[in-house]
Amino acid sequence: MVLDIFLGILQIVLFPGIVFCIGLTFLLEWIDRKYYADLQNRMGPLYVGWRGILQPFADFIKLMAKEDITPKAADRKMFTATPLFSVVVPLLALLFIPIANITGVLSFQGDLIFILFLTTIVAILIILAGYSSMNRYSSIGAARAGLQLMGYEIPLTLAALTPAMIARSLTITEIVQYQAVAGMSILLFPSMIAFGVFIITLLPELEKIPMDIPEAETELVAGWQTEFSGKKYAFFRLSNNLELLLGAGLAVTLFLGGPYGIEKLPGLTALDLVIQGNIVLSTVWYTVWFLIKTAIVVLVITNLRALFSRYRIDQMVRGAWRYLTPLMIGVTAITMLLSAVAPGLYPVV
Amino acid sequence: MSKLVDWARRSSPWLLHFNSGSCNGCDIEILAALMPRFDLERFGALLKGSPRHADVLVCTGPVTRQQAPRLRRIYEQMPEPKFVMVVGTCGSTGGVFRGCYNNAEGIDNVIPVDVYVPGCPARPEAIALGAVKLLEKLKNAQKQARGEK
Ligand code: SF4
């Protein structure tokens with residue numbers, strides 16, 4: 001009993017919980033920056049640790065140790081609270097993602113809906129952060145963030161629900177187990193379109209470059225983050241990285257078969273049994289596969305970031321409401337129709 | 001712990017670029033220093049848009065009368081610890097604008113400066129060297145503060 005509670009706390013705090021996730025975000029940011037620099041023919045971080053692998057960590061420590069300015073006009077309570085919450089909320093959502101096991105640290109019936117709800121909370125926190133700093137640039141940035149995040153929330157949610165409809169379950173663990181039997185849902189028909197839409201909507205959700213309208217440097221200084229310095233800015237950066245990990249992790253979990261590796265291919269059942277028999281081996285195996293898949297998703301996002309330049313506001317709004325939302329409604333309808341008309345298409349597990 | 005913080009400060013100097021009335025020659029060279037061939041990101045430098053996020057203020061120009069209060073305000077908006085790097089001869093001494101009626105003849109007449117990079121315009125190599133010198137200076141200051149040799 002006591003041991004169980006101790007192990008549970010260890011899981012939440014150390015592995016694969018808070019400390020592991022934060023370390024992983026630093027690693028992913030390094031991969032992102034290195035690859036981005038490489039695409040631009042640059043070196044990227046080079047001298048901090050092995051090939052600059054400690055760069056994101058150094059950035060974080062430096063920001064934590066810097067002076068923390070609160071402007072006189074700002075709403076003090078909100079200004080302090082939003083950075084904290086914006087770290088806590090994605091961390092909480094990350095506990096539901098299966099990383100080292102086929103279930104997350106936490107899981108309950110219908111937790112996919114809960115995670116999607118948490119991503120909306122992050123959007124609201126961003127708007128609050130922008131308005132609480134009482135800076136003109138921040139307010140405009142927050143208004144744009146609201147426009148953008150709310151617009152892309154709908155296709156994102158619908159895209160995340162497509163594999164859930166195929167697996168006939170809203171529980172993340174069951175969706176992962178379904179994919180172990182029926183194959184990655186990216187290979188199933190309407191779900192691959194949903195995967196593409198999911199990756200595209202991650203860009204505006206994370207405010208990455210072709211969709212970084214809320215923090216457009218040339219127009220808005222730094223958008224809604226303008227007034228945040230020191231620790232608060234460090235928290236916002238960490239929060240953005242955690243969201244990147246969350247988005248990539250969600251894509252891996254819903255579309256790429258979660259932490260399962262090659263052992264679910266036909267003919268490798270013996271390997272599967274060996275892995276499932278040994279708890280240490282299975283933890284390492286699943287974590288490594290999760291890392292590989294997440295890194296692939298992050299590289300795809302980086303590639304998109306390097307390829308495109310920023311869209312205009314009207315193009316961004318049109319992209320969400322005229323193209324992606326109707327497309328996703330269509331995909332949802334097709335999925336429903338197919339699972340009703342041709343039940344054999346998606347095997348029942 | 002303080003060693004870790006010192007290391008982090010040396011490892012990630014984020015830049016804020018400010019033009020206080022220069023001819024734009026040096027500004028283009030600063031951008032060249034950030035581009036592929038010289039790539040200041042090797043040292044962890046990133047170009048930031050907001051003074052609240054930056055550590056190093058990279059200024060050019062002789063500070064015209066209009067820009068002086070703005071330069072001071074930008075400097076005051078930056079959180080401690082902060083450093084100033086001047087790029088170009090006209091930022092260091094007034095250069096070709098020396099003796100004009102409308103400028104302060106150098107950035108150090110308005111805000112404290114840590115590193116000067118001369119040249120009209122300064123070469124990107126020189127700017128990269130200036131950045132390294134700034135980091136070295138910071139390292140020595142940190143050592144002195146800890147009482148080491
Ligand atoms: S130093 Fe020369 S090139 Fe540079 S800003 Fe001044 S006048 Fe222009």
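Pro121(B) is found in the loop of chain B between strand β5 (115-117) and helix α5 (124-146), where helices (H or I, at least four residues) and strands (E, at least two) are DSSP runs numbered from the N terminus. The peptide bond that joins Cys120(B) to Pro121(B) is cis, with an omega of about -5 degrees. The structure is a predicted model, in which local features need pLDDT of at least 70 and side-chain atom pairs count only at pLDDT 80 or more, while totals for chains, interfaces and linings use all residues. Residues are numbered from 1 along each chain as its sequence is written, chains are lettered from A and ligands numbered from 1 in the order in which they are written, and side-chain values use heavy atoms, with hydrogens and water left out.

A cis peptide bond is also found from Glu80(B) to Pro81(B), with omega near -15 degrees, and Pro81(B) belongs to the loop between α3 (67-77) and β4 (83-87) of chain B. Backbone angles of another kind are seen at two further residues of chain B. Asn24(B), although it is not a glycine, has a positive phi of about 80 degrees, and this residue is placed in the loop between β1 (14-19) and α2 (25-34). With a relative accessibility of 40%, Asn24(B) counts as partly exposed, a class that lies between buried (under 20% relative accessible area) and exposed (over 50%), as computed with a 1.4 Å probe and protein chains only. Glu105(B), likewise a residue other than glycine, has a positive phi near 55 degrees; Glu105(B) lies in the loop between α4 (89-92) and β5 of chain B and is partly exposed, with a relative accessible area of 24%.

The loop between β2 (46-47) and β3 (56-60) of chain B holds Asp55(B), and Arg52(B) is found in the loop between these two strands as well. The side chain of Asp55(B) is joined to that of Lys62(A) by a polar contact of 2.6 Å, a polar contact being a pair of N or O atoms within 3.5 Å, of which, within protein, one must be able to donate a hydrogen and the other to accept it, and for which residues adjacent in sequence count only if both atoms are side-chain atoms. A polar contact of 2.6 Å also joins the side chains of Asp55(B) and Lys66(A). When residues up to four places away in sequence are not counted, Asp55(B) touches residues of chain B as well, including Trp14(B), Met78(B), Pro81(B) and Phe83(B), where contact means heavy atoms within 4.5 Å. Because its relative accessibility is 5%, Asp55(B) counts as buried.

Arg52(B) is also buried, with a relative accessible area of 10%. A polar contact of 2.8 Å links the side chain of Arg52(B) with that of Glu227(A). Beyond its neighbours within four places in sequence, Arg52(B) is in contact with several residues of chain A, among them Ile69(A), Pro71(A) and Phe228(A), and also with Gln77(B) and Pro79(B).

Chain B as a whole has 5 helices and 5 strands, which from the N terminus on run α-β-α-β-β-α-β-α-β-α. A compact globule of 149 residues would have a radius of gyration near 15 Å, and the 15 Å of chain B agrees with this; the radius is taken over C-alpha atoms, and the globule rule is 2.2 Å times the number of residues to the power 0.38. Of the residues of chain B, 52% count as buried, and residues 24 or more positions apart account for 80% of the contacts with a separation of 6 or more.

Chain A, by its elements, has 13 helices and 0 strands. Its radius of gyration of 21 Å is close to the 20 Å that the globule rule gives for 349 residues, so chain A is as compact as a globular protein of that length. The C-alpha atoms of chain A fill a box of roughly 65 × 50 × 45 Å, taken along the principal axes, and 54% of the residues of this chain count as buried. Within chain A, Met150(A) is found in helix α6 (residues 136-167) and is partly exposed, at 34% relative accessibility. Met150(A) and Ile5(A), which are 145 residues apart in sequence, are separated by 39 Å in space, C-alpha to C-alpha.
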